[in-house]
Amino acid sequence: MTILLLNGSLNPASTTKKLLEQVQTLLQKAKYETEIINIGELELPLFHPAQPAGAAADWLRERIGSAEGLVIGSPEYHGSYSGALKNAIDYFDKDLLKGKPVGLLTSTGGLKGGINTLNGLRIVFRSLSAHAIPQQLAVSRKEFKDFSLTPDCQKTLEQFVIGLDEALQHQAVAAHILLK
């Protein structure tokens with residue numbers, strides 16, 4: 001199974017990307033194929049419903065359509081997720097994500113941040129008919145020490161990956177039953 005990890009940060013020193021890389025490592029240990037896509041590198045034009053999507057948007061939709069699950073990561077900007085991520089999401093068709101397991105995570109500047117970002121992402125992905133898993137992850141930059149997580153954050157990260165794995169396994173079993 002393939003899991004796409006979408007990085008909604010444009011910052012080259014992104015803690016969101018570092019967090020996604022740690023999720024990626026755990027998913028690979030669980031034998032998933034993974035790919036991190038940095039939204040900023042796609043150079044998506046500002047979404048306009050009356051304009052052609054373009055090659056980058058078509059490529060992104062194809063990658064998402066062929067993946068069994070997603071992990072969406074965004075830094076917290078002013079109590080929400082990044083505009084670059086929102087612009088990419090605007091290119092998604094509702095049927096693209098129907099029933100697909102999606103894990104949501106954010107990196108924040110403060111210890112109490114991230115909840116609004118995660119809630120906003122949950123609402124968006126629910127409206128796109130995705131299955132946003134109950135486990136979510138908000139990590140402060142202060143919880144990174146020398147590019148590794150504190151023990152409590154590491155445990156939360158592991159529970160996040162376990163929750164995604166369970167949702168993916170449930171989806172695979174359901175698909176197998178439907179194909180019989």
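**Exercise 1. Which side chain meets R63 in a salt bridge, and which parts of the chain does the pair link?**

Solution. The side chains of R63 and E35 meet in a salt bridge, with 2.3 Å from N to O, where a salt bridge is a side-chain nitrogen of Lys or Arg within 4 Å of a carboxyl oxygen of Asp or Glu. The pair links distant parts of the chain, since R63 lies in helix α3 (residues 55–66) and E35 in strand β2 (residues 33–38), 28 residues apart. Helices (H or I, at least four residues) and strands (E, at least two) are DSSP runs, numbered from the N terminus. E35 counts as partly exposed because its relative accessibility is 22%; buried means under 20% relative accessible area, exposed over 50%, and partly exposed in between (1.4 Å probe, protein chains only).

Before going on, note that this is a predicted model, in which local features need pLDDT of at least 70 and side-chain atom pairs count only at pLDDT 80 or more, while totals for chains, interfaces and linings use all residues. Residues are numbered from 1 along each chain as its sequence is written, and side-chain values use heavy atoms, with hydrogens and water left out.

**Exercise 2. How many salt bridges does the rule give?**

Solution. The count comes to three salt bridges. Besides the pair of R63 and E35, one of them joins D58 to R61, whose closest N and O atoms are 2.6 Å apart. D58 and R61 are separated by about one helical turn, because they stand three residues apart in helix α3. Another joins D90 to K86, again with the closest N and O atoms 2.6 Å apart. Turning to accessibility, D58 is partly exposed at 40%, D90 is partly exposed at 30%, and K86 is partly exposed at 34%.

**Exercise 3. In what order do the five strands form the open sheet, and which are the edge strands?**

Solution. The order is β2-β1-β3-β4-β5, and the pairing is parallel; two strands pair if DSSP finds at least two bridges between them. The edge strands are β2 and β5 (131–140), each of which pairs on one side only. Within the sheet, β1 (residues 2–7) and β3 (residues 69–75) pair in the parallel sense over five bridges, and L6 has I72 in β3 as its bridge partner.

**Exercise 4. Which strands does α3 touch as it packs on the sheet?**

Solution. Helix α3 touches β1, β2 and β3, where contact means heavy atoms within 4.5 Å. The direction of α3 makes about 155° with that of β2; axes are lines fitted to C-alpha atoms, for helices over the stretch in contact, and angles run from 0 to 180 degrees between N-to-C directions.
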